[in-house]
Amino acid sequence: MPRRRTTIGVLSLEVANAYLEPILDELSATAREHQLNLVNFVESLNPEDLTANRRLTTNIAGPASVDAILVLPLGHRLTPEDLTAYCQRFSALPVCSVPAVTTDSVSHVRVDNEAGLRAAIAHLLGVHGYRRVAFVCGPKGSDEAELRYQVYRSMLDAHGIAFDEALVAPGEYMIQSGIDAVALLWDVRGLKPEAIVCVNDGTAFGVLEALKARGFSVPHDVAVLGFDDVELARYVDPPLTTVRQPLRELGRRALEVLLERLEPGSLPRSEVLASELVIRDSCGCSAYRVSDAPLSSAPGPLGLEALNQKSLKAQRALISLGLPGARDSHWEEKLYATFLDELSRKTPQFLPFLRSVLDDADRSHGDVSAFHKAITLLWQVVSKNLAPDSWEWKRADRLLHAARVMTSGVAERGPAHQQVRSVDSAYKLTRTNNALSAVIDFASAGRVLAQHLPEHGIPSCYVCVYESEQPPVEWSRLVAGFCSGAALELPEGGIRFRTELVLPAGIPDSAEPSQHIVGPLSRNGSSPGYVVFERGASAGFVYENLLVQIGTMVGHIRLLDALVREATLREAAERARMQKELAIAAQIQASILPRSFAVAGLEIAAAMQPATEVGGDYYDIIPLESGTWIGIGDVAGHGLPTGLVMLMLQATISGVVRGAPNAPPSEILYTANAVLFDNIRNRMEQDEHVTLTLLHFTGTGQMIFAGAHEDILIYRARRGEVEVVQTPGAWLAAARDLRGKLDDITLELGADDVVLLYTDGITEARRADGEFFGPERLIAALAKVWQAPVQEIRDAILDQVRAFMGTQQDDITLVVIRNTPGRVSS
Amino acid sequence: MTALPSGLGLAPVDEGGFSLTPSLRGKVLAVKICGNGDMAALDVLNRYLKQLHREAVHLGAAEVELDFHELYFMNSSCLKALVSFIDGAANVDKPGYRIRFLTNPQLFWQRRSLEALQRLAPEFVQIES
């Protein structure tokens, strides 16, 4: 990532967390004020993660990417010793920790939890007089949870209340912890606590829900106390009495302390912020009650003059309420002054000014409903100092009624607005999730992210995967992403970069202060990579949800890649195996072709050229004492099965001919057909058939043949013309018994007559325009070269066919036989 | 979607260079086959001949007429499909329908190939020019 300005790394266990979100929001605002870059590395850590060799997002942070590091809570089970050890990773940089550490070498900004909780429990025990007070714990191993538990025990002791272990329930800081605790205390242990102290607000929300479900009224039946004062604490029913941690102030001060450490010569230091009790309804108080009347109860002089005289007192009382708002601009003084002006029949400024104060409080995430206390206080002043039924009294009554309506309206606006935003976010997330779930490659991932994430206010996003399965992960690849509204155009395999840089050099390319969130693709302690979001206006849960969805998407893409890779490898291996087998089959087929054409009384030349590795054409020359047998045929179909049938055909014919060398060709074919039919139809369960003509050259000038194949061409030397001889009959392996379906035909051959046997690969050879070579061209070719040696006749015809056809579609076989009585060819 | 000829559960097929057009004349189920029966036509022909057999049985056809007048070429793989068709019709549903080929004497391959086909089941297959 570019380092054109100071960059602060923030480590946190998550971004969607009621405790962390106010801190992160304030950090973001403070970083903007100081023109800083902020990179929030997100990972939830367990103690074992720190010692095991795992690929953690927080481990990416370092001198190459940031100038200083702020450590926020990273995991509930981490002890101060664990955190101290983890902070050593970043010893080259200034570090400030918010969770407790056991070293002075890092700065530390924390909240004094103890004082606030002591005040809160003292309130329950002292003001309300509760004696049977239960406690719901936090996770075991959590330093802060243990501290809160110890405060609970010491406060019981201080008030002379015996500790009862049965009133202590385990928990995990979760809403469910509160639900489970109520079930344990009431249903299992049969206890009836008067009050429950919860280790945090989340647990208290669960307790409230479970008590309500059982028909209990809070606080009349049971009082409940929380801890943290997260925003929701104001809106639950009843509003939660809790201990406020100044979370926003914590974020701001932690960053400011860290910035001080960047100054030359500065040293680490610690700072403690106070926590405070926030009284609402759940403890048994009224949220809007002013418990200690700030004004004297003695009646003073009646009239406006009395109100004027008590201005200072009233303003101090307002200040003592500690309400959120523009405190530095003396809003309390102005509020009281405008109130008096209204009663003095001067300018009506009270309500407009109150509205501006309420808006300020709302904008700064303050508790707007707490302003009812100020209105109550003003009413007390009025009721003690103005005559009832006076014009001023009536005017004050109307004004303060209007002020209450206004305060309630503004107080409700916050959660209502938040709810609208949540519903809108949920709708958009559903659409985004649907789109991400359909992504199958990184190229389309970038486009989908570019299309959907801007809807969530996220200006840019980058998906990176680690190169190595095992840490340290020195190299990563940026595989998808978008910025400026468009998907990144990345090379195949993405852009390789050193992981410590977080993103490749020059990405993102902006001179403006930037804020990013870096989260893991999976939370199993060994993520395959991470996502970098440019921080936008979205709530934390949007980033958390997108992390899960993008992580799932990357998982799908990688799984699909792996499957495709495996399938491709398997396919390649299968193809190689097939090629090898085909090569062997072709070799076998070629090896059984006749090798010698030396036959008494005949000159023979032949060639066979399969269209694929293994052909379905057949020819054979079998010289015997009874004469020479020559067969030519074609197995219907293409590929390996036809090649196997061709081998079978060759063996069968060869065997049967040798067993009956003087038999008529038809008899040979009857027997061969019976063998082939049984083998192909019954045993192989295939349906190949064979066109075949079997010829017997008797050595006496006679040629006897049977079987249906292509027409035989004979160049009659004496007449100087080509005779076309049909080959009637049936095909082999197409019927069980061919008896009666074949004819033996006898022809006389003259000296130098040339017999041409061929397969349909020659006559049906096609030119690019679709025209066939045809029998006419073959006849013409024979007539042209018949006088040449048989090898030359063969080659000339084949050359002509090859020159004619575009690509070879079918096997080609040609046998040229010249009748040469009394001669032996070589 | 091509409309089915009236009374027929068999649609015409036109694959560019190869087409099959069925018609029904009383008890004769006729198919005119045109073009080139090469490898590109093989799958179509195989499927169609199976449908043709089912339709002939369904209609109780006395005869299936295959008109080859405009079928210029048929390779050995397509001829193999015809052998399977004849074999199936002759052996499974015997004594079902007869098969009559209408041939074109100008196309020499038809005479050679169809005569061989006829010899397979002469009582069942008839060839006419």
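Start with one pair of residues: A:Gly631 stands opposite A:Leu694 in β22(A). Keep in mind that this is a predicted model.

Strand β21 (residues 627-635) of chain A is paired with strand β22 (residues 690-697) of chain A; eight bridges link them, in the antiparallel sense. An open sheet of five strands in chain A has the order β20-β21-β22-β23-β26, and its pairing is antiparallel. Who sits at the edges? That would be β20 (617-624) and β26 (745-748) of chain A, each of which pairs on one side only. If you ignore direction, neighbouring strands of this sheet are turned by 15 degrees against each other on average.

Here's a handy rule for looking at any sheet: in a regular strand, side chains alternate between the two faces.

**Two helices lying across the sheet**

Next, find the helices. α17(A) lies across β20, β21 and β22 of chain A, and it runs at about 20 degrees to β20(A). α18(A) lies across β22 and β23 (702-706) of chain A, and runs at about 145 degrees to β22(A). So much for how they sit on the strands; how do they meet each other?

Helix α17 covers residues 640-659 of chain A, and helix α18 covers residues 665-683 of chain A. Their axes come within 9 Å and cross at roughly 145 degrees. The crossing of α17(A) past α18(A) is right-handed. On the α17(A) side, the residues that take part are A:Val645, A:Met648, A:Leu649, A:Thr652, A:Ile653, A:Val656 and A:Val657. They meet A:Ile668, A:Thr671, A:Ala672, A:Val675, A:Leu676, A:Asn679 and A:Ile680 in α18(A). What classes of residue make up this contact? There are eleven nonpolar and three polar residues, and no charged ones.

**A strand with several partners**

Elsewhere in chain A, have a look at strand β14 (residues 475-483). Is it mostly covered or mostly open? Mostly covered: seven of its nine residues are buried.

| Partner of β14(A) | Residues of partner | Bridges | Residues standing opposite |
|---|---|---|---|
| β13(A) | 461-466 | six | A:Cys461 and A:Phe482 |
| β16(A) | 495-498 | four | A:Trp475 and A:Arg498 |

β14(A) and β15(A) form a hairpin, with two residues between them. In that turn, A:Ser484 has a positive phi of about 50 degrees.

**Stepping back to the whole chain**

How many helices and strands does chain A have? The tally is 21 helices and 28 strands. Of its 826 residues, 45% count as buried. Now take the contacts in chain A with a separation of 6 or more: 72% of them come from residues 24 or more positions apart.

Notes. Residues are numbered from 1 along each chain as its sequence is written. Chains are lettered from A and ligands numbered from 1 in the order in which they are written. This is a predicted model: local features need pLDDT of at least 70, side-chain atom pairs count only at pLDDT 80 or more; totals for chains, interfaces and linings use all residues. Axes are lines fitted to C-alpha atoms, for helices over the stretch in contact, and angles run from 0 to 180 degrees between N-to-C directions. A crossing is left-handed if the near helix is turned anticlockwise from the far one by less than a right angle, and right-handed if clockwise. Two residues are in contact if their C-beta atoms, placed from the backbone, lie within 7 Å. Ala, Val, Leu, Ile, Met, Phe, Trp, Tyr, Cys and Pro count as nonpolar, Asp, Glu, Lys and Arg as charged, and the others, Gly among them, as polar. A residue is buried if 20 or more other C-beta atoms lie within 10 Å of its own, exposed if 12 or fewer, and partly exposed in between; C-beta atoms are placed from the backbone. Two strands pair if DSSP finds at least two bridges between them.
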